[in-house]
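Suppose someone new to a protein model asks what lies behind each word used to describe it.

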Amino acid sequence: MVQTHHISLLTKNAKQNIHFYTHVLGLRLVKNSVNQENIHIRHLFYGDYLGTPGSVITFFVLPLLGHRTDGNHFINGIRLAIPTGSKVFWQNRLSNAGVTVTETDGNLTFDDPDQIPVTMVETDHQLTEWQIVPNNGIDPKYQISRFIGTELHVPDVSASQAFFEKLLHLTVTNNVVELEGAEQIKLVQTTDFSQITRFGRGSIDHVALRVADEAELLRYYHLAEEQGWDIEMYRDRGWFKSLYIREPGDNRIELATPTPGFSLDEPILTLGNSLGLPPKFESLRPTIMDYYAKQNVDFSDDGDLSWDADE
C-alpha cells in the first residue's frame with residue numbers, strides 16, 4: 001500500500017515557521033537547505049528525529065509572499081497523526097501557545113502562522129525509540145508521528161480519481177484516496193472554475209507519495225508516459241529521487257524514494273544545524289553561503305529564535 005512521503009508548502013517568515021514547527025509542534029528541523037531549482041530560496045525540512053519518510057513537512061521560504069488565492073485547483077491542509085489518548089495534551093499545549101483550537105469530528109483543527117489548516121488525528125501509531133525528538137518538552141507518548149494526508153481541490157473529481165486509480169492502482173471511496181492505514185488524500189470539487197489560483201503564504205506546492213525504490217519510480221515514470229499523464233520532471237534530490245506529475249486537476253504530485261535519506265551529507269546527530277546540501281550541490285556552498293550572509297542568514301537556526309508575529 002502506498003504511503004505518504006512529505007508535503008511541501010510556502011512560508012513568508014523562516015523564524016516564525018521554525019519556531020512554530022519545532023517549539024510548538026515539537027518536530028525536528030532535519031534539513032536546513034535551499035531550493036534545488038533556485039538556490040536563492042531557502043528550503044526547510046521538518047520531521048521526526050531521523051526525518052523518516054512520511055513524517056516530513058517542508059517549506060520554501062519566500063519573504064515577499066502575499067496572500068494566497070485558492071481558486072479552481074489547489075492543495076489544502078495538513079493532516080498529522082498523534083498517538084491515541086494525546087488529544088487533550090495537544091489541545092492544552094496549543095491553547096497555551098496562543099493557538100485557537102477547535103474539535104471537529106473527534107479531531108483537533110487549527111491554523112499555523114501562515115493560515116495553513118492543520119488537523120490532528122489520533123491513531124495507534126507511535127514513534128520508535130530513534131524517531132523520538134528529544135528535549136522538545138513533549139513526552140514521546142504524545143509526539144506527532146506522521147503526516148497522514150491532505151485535500152486536493154479539483155475541477156473534476158472523477159478525472160483526478162482516475163489518475164490515482166490507473167497510475168497508482170489506489171482505491172478511491174467516497175472521493176477519498178485510500179493510502180496505508182489512516183493516511184488519505186481527499187478529493188474536493190471546486191465550485192468557482194473561473195477563479196485563478198495564485199500562490200501565496202500557506203500555499204501547498206506539492207504532496208509526495210512514497211515508492212519502494214528507484215526501480216519502482218522508473219516503472220511509474222514509464223507507466224505515466226504510456227498512460228499519457230502530464231510528467232513535469234524527474235530529479236535526483238540527493239536524499240531521494242523524485243518524479244513530478246500534474247494530476248488532471250493541475251495539482252503537483254510527487255513520487256519519491258525513501259533512500260538514501262537525510263544523513264547522506266551530515267550526521268544524524270547534527271541534522272539541520274547548518275546548511276545541508278546533497279553532494280552535487282556541495283561545490284556551490286561558498287556561493288550559497290555568501291548570498292545568504294547578505295540576507296543575515298547563516299543556517300544555524302535551532303528553532304529558539306525570536307520573531308515578530310506582525311511581520
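What follows is a series of questions and answers on the terms used for this model.

Q: What kind of model is this, and how are its residues numbered?
A: This is a predicted model, in which local features need pLDDT of at least 70 and side-chain atom pairs count only at pLDDT 80 or more, while totals for chains, interfaces and linings use all residues. Residues are numbered from 1 along each chain as its sequence is written, and side-chain values use heavy atoms, with hydrogens and water left out.

Q: What makes N13 a cap of α1?
A: A polar contact is a pair of N or O atoms within 3.5 Å; within protein, one must be able to donate a hydrogen and the other to accept it, and residues adjacent in sequence count only if both atoms are side-chain atoms. A side-chain oxygen of N13 lies 3.1 Å from the backbone nitrogen of K15, and N13 caps the N-terminal end of α1 in this way. After the helix comes G26, whose phi is positive, near 80°.

Q: Why is D114 called buried, and which side chain does its own side chain contact?
A: D114 has a relative accessible area of 1%, and therefore counts as buried. D114 is placed in the loop between β7 and β8, and its side chain makes a polar contact with the side chain of T11 at 2.5 Å.

Q: Is S33 buried or exposed, and how do you know?
A: S33 has 1% relative accessibility, so the word for S33 is buried. S33 belongs to strand β2, and its side chain reaches the backbone oxygen of G276 at 2.7 Å.

Q: How do you know that β6 and β7 pair, and in which sense?
A: Two strands pair if DSSP finds at least two bridges between them. Strand β6 (residues 102–104) and strand β7 (residues 107–111) share 3 bridges in the antiparallel sense, with T104 opposite N107. The two strands form a hairpin with 2 residues between them, where D105 takes a positive phi near 55°. On to the next strand, β7 is joined to β8 (residues 117–123) by 4 antiparallel bridges, and L108 has M120 as its bridge partner.

Q: What strands make up the open sheet, and which are its edge strands?
A: The open sheet has 8 strands in the order β2-β3-β4-β1-β13-β16-β15-β14, with mixed pairing. The edge strands are β2 (28–35) and β14 (230–236), since each pairs on one side only. Within the sheet, β13 (residues 204–210) and β16 run parallel and are joined by 5 bridges, and H206 has R252 as its bridge partner in β16.

Q: What makes the phi of N135 and of F299 worth noting?
A: Most residues other than glycine have a negative phi, and most peptide bonds are trans. N135 is not a glycine, yet its phi is positive, about 55°, and F299, also not a glycine, has a positive phi of about 65°.

Q: What is the peptide bond from T259 to P260 called, and where is P260?
A: This peptide bond is cis, with omega near 10°, and P260 is in the loop between β16 and α5.

Q: Why is I268 called partly exposed, and where is it found?
A: I268 has a relative accessible area of 32%, and therefore counts as partly exposed. I268 is found in the loop between β16 (252–256) and α5 (285–293).

Conventions:
Buried < 20%, exposed > 50% of the residue type's maximum accessible area, 1.4 Å probe, protein only.
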